Amino acid sequence: MRLHDDTVRCGVHSGQQYGTFDEVLDLWRRAEDAGYDWVSVFDHLRPHLTGPDGPCFEGPTLLAALAASTRRVRCAILVSAVSWRHPALLANIASTLDHISGGRVELGLGAGGFDLAHEQYGLPFPPAAERLRRLDESCQVIRRLWERPVTDFDGTHYRLREAHLRPRPVQSRLPLTIGGSGERHLLRIAAAHADTWNSLFTTPEEYAHRREVLTAHARDLGRDPAGIRGSLTFRAVLGDDPREVAERRERIAATVPADLPEYAVFGTPEECVELLTPYLRLGVRDFLLGLRPPVDHRTLDLFAERVAPVLRAAL
């Protein structure tokens, strides 16, 4: 089944490392008013960006507020780590959110990675191989609960007996996004289960290689790779004045790694268009602008006004 058409969507990945709810609510509403198609949060509990005592709201709870506080944008989580919740619980959470939003929710899943919560809260962090097996089983459990009247499941990590989920999601097929880049296992899981595959920003050459691996897995599993939507999360600092952009870059570099790997461009909106356009030819249809507090409203507005319309019109 092919869920999405070929429409280009532009979104904001807001995260939730804000000191007050009003700050993140203001960003969501500005994004919707600016014409963005999508807003997402993440599912870290104690991310490291702002230090071990930095602020971070809980993901699905904040996603519920996003769903209730907006009218049009798609509402998503990128991505929920399988170590946080039993998949039946997550399936119920997502279905409830789909009703709150009127059918606008998209659920992102991943194997999970570094999070200060494992040490601070004493939460278990299984080895990578186990987390990947849990991810594969979680996708199966969630999809069956959403779409089958009764679910039985016998896996290594999860077992369900005559399980029900009511009410079902509003959407006839609530989209699953799988995030990650591991070629041997993660991309095979995405090929088996994902409606959308999300990647962090990387070079066109590396993205093309990963997409080829995903395509090979899909064909090996008997699935049409064209049915898997491409999604790219990136950061940018946009402006028309080179000195202003350089100053903002210096402020950012003081708080994040010096090589700024997730930043696609520091420059004009036109330079951003030039850099992102090749990804359209590689199958990317969702361009998700990541923003951190304090929110760069100049970039938020310029991307909406002078980048997103060009990308949407390019196909």
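Reader: Two strands pair if DSSP finds at least two bridges between them; through how many residues does a hairpin join β5 to β6?

Author: The hairpin connects β5 to β6 through four residues. This is a predicted model, in which local features need pLDDT of at least 70, side-chain atom pairs count only at pLDDT 80 or more, and totals for chains, interfaces and linings use all residues. Residues are numbered from 1 along each chain as its sequence is written, and side-chain values use heavy atoms, leaving out hydrogens and water.

Reader: How do β5 and β6 run, and how many bridges join them?

Author: They run antiparallel, and three bridges join β5 (residues 151-154) to β6 (residues 159-163).

Reader: What share of the 315 residues is buried?

Author: Buried residues make up 55% of them.

Reader: Changing topic, how many helices and strands are there in the protein?

Author: There are ten helices and eleven strands. These are DSSP runs, numbered from the N terminus: helices (H or I) have at least four residues and strands (E) at least two.

Reader: Why is the protein called as compact as a globular protein of that length?

Author: Its radius of gyration is 19 Å, close to the 20 Å that the globule rule gives for 315 residues, so the protein is as compact as a globular protein of that length. The radius is taken over C-alpha atoms, and the rule is 2.2 Å times the number of residues to the power 0.38.

Conventions
Buried means under 20% relative accessible area, exposed over 50%, partly exposed in between (1.4 Å probe, protein chains only). Two strands pair if DSSP finds at least two bridges between them.
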